[in-house]
Amino acid sequence: MGLDVTWAVKWLTLSAQAMAEHRVELIELDRAIGDSDHGENMDRGFQAVLDRLAETPPDTPGAALKLTAMALMSKVGGAAGPLYGTAFLRAATALGDAAYIDAPTLAAALGAARDGIVARGKAESGDKTMVDAWTPAVDAALAAAAGGDTLSVLIAAAEAAEAGAVATDPLVARKGRASYLGERSAGHRDPGAASSALILRAAAGAAA
Ligand code: ADP
Ligand code: MG
Ligand code: MG
């Protein structure tokens, strides 16, 4: 057994709901250290994901994530569109045609997503970006996969991503638009780390 396409579609549906619910909050975070559009970008992008899921229902988790990558790349724009697009595309490639995802495969797919974000954006840990949510999430997922089931992997990833997002508060941004503010970027949460934590929490919620 393991996670199947029904889980993937539920994950993406819960992600879209989370982006709609937290739209204003993500806009406010981006207003402080960016250009106020992150909530709008993510809400628009995930609504496009829902449209495509309805148009062409995927057969496998990998197909669902590939469709998501395409929708986010074409609709999100800004820095986050290509970064999330690459993340979902790399995760889709890691899953291939598999109908079911086990815990080690799941952790590996999350690692592939994180590696895609790093390859695309060249941010390191501590640069105050979404990488600061993804890297602890992947570390926690890999640890949980050694002996745990898929739900425990996703819960560990979501908790670590949330802690990672909170931990961006005091950091000075070294990548992206927030880096233009220099020291003044400290004291605010990174919007992309916050949206990443919401997406990973949705993944756990879909498996529960
Ligand atoms: P933009 O900054 O173009 O308006 P968004 O507001 O949608 O795009 O997304 C901003 C988020 O993108 C940031 O909060 C950060 O998490 C992420 N980001 C920006 N640049 C990078 C990068 N080089 N590597 C990783 N993440 C990045
Ligand atoms: Mg922005
Ligand atoms: Mg922008």
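I count two residues as in contact if their C-beta atoms, placed from the backbone, lie within 7 Å. I am working on a predicted model.

**Entry: A137**

I looked up the partners of A137. Leaving out residues up to four places away in sequence, A137 touches L110, A157, A160, A161, G164 and L200. I then checked the nonpolar cores. The largest one has 68 residues. A137 is among its members with the most contacts inside that core, along with F88, A141, V153, A157 and A161. I noted a general point here. In soluble globular proteins, nonpolar side chains tend to be buried together.

**Entry: helix 7**

Next I took helix 7, which covers residues 131-145. A residue is buried if 20 or more other C-beta atoms lie within 10 Å of its own. Among the buried ones I listed V131, W134, P136, A137 and A141. The buried residues of helix 7 pack against helix 6, helix 8 (150-166) and helix 9.

At 1.5 Å a residue, helix 7 should span 21 Å. Its end C-alpha atoms are 20 Å apart, which agrees. After helix 7 comes G147, and its phi is positive, near 105°.

**Entry: helix 7 against helix 9**

I asked at what angle helix 7 and helix 9 pack. The angle is about 35°, and the axes are 7 Å apart. From helix 7, the contact uses D132, A133, W134 and A137. From helix 9, it uses A193, S196, A197 and L200. I sorted these residues by class and got six nonpolar, one polar and one charged.

**Entry: ligand 1**

I moved to ligand 1. How many residues surround it? I found 24, and the closest are G78, G121, T129, G176 and G192. By class, this shell divides into nine nonpolar, eight polar and seven charged residues. Helix 3 (38-55), helix 5 (80-95), helix 6 (103-121) and helix 9 (191-207) each supply at least two residues of the shell. Helix 9 gives the most, with three residues.

**Entry: A119**

Last, I looked at A119, which is found in helix 6. Is A119 buried or exposed? It has 11 other C-beta atoms within 10 Å, so A119 is exposed. The cut-off for exposed is 12 or fewer. I also compared A119 with T86. They are 33 residues apart in sequence. In space, their C-alpha atoms are 8.9 Å apart.

Definitions and conventions: Residues numbered from 1 in each chain as written. Chains lettered and ligands numbered in written order. Predicted model: local features only at pLDDT ≥ 70, side-chain atom pairs only at ≥ 80, totals over all residues. Near = placed C-beta within 6 Å. Helix = DSSP H or I, 4+ residues; strand = E, 2+ residues; numbered from the N terminus. Nonpolar A, V, L, I, M, F, W, Y, C, P; charged D, E, K, R; others polar. Core = buried A, V, L, I, M, F, W, Y, C linked by C-beta atoms within 7 Å. Axes fitted to C-alpha atoms, helices over the stretch in contact; angles between N-to-C directions. Expected span 1.5 Å × (residues − 1).
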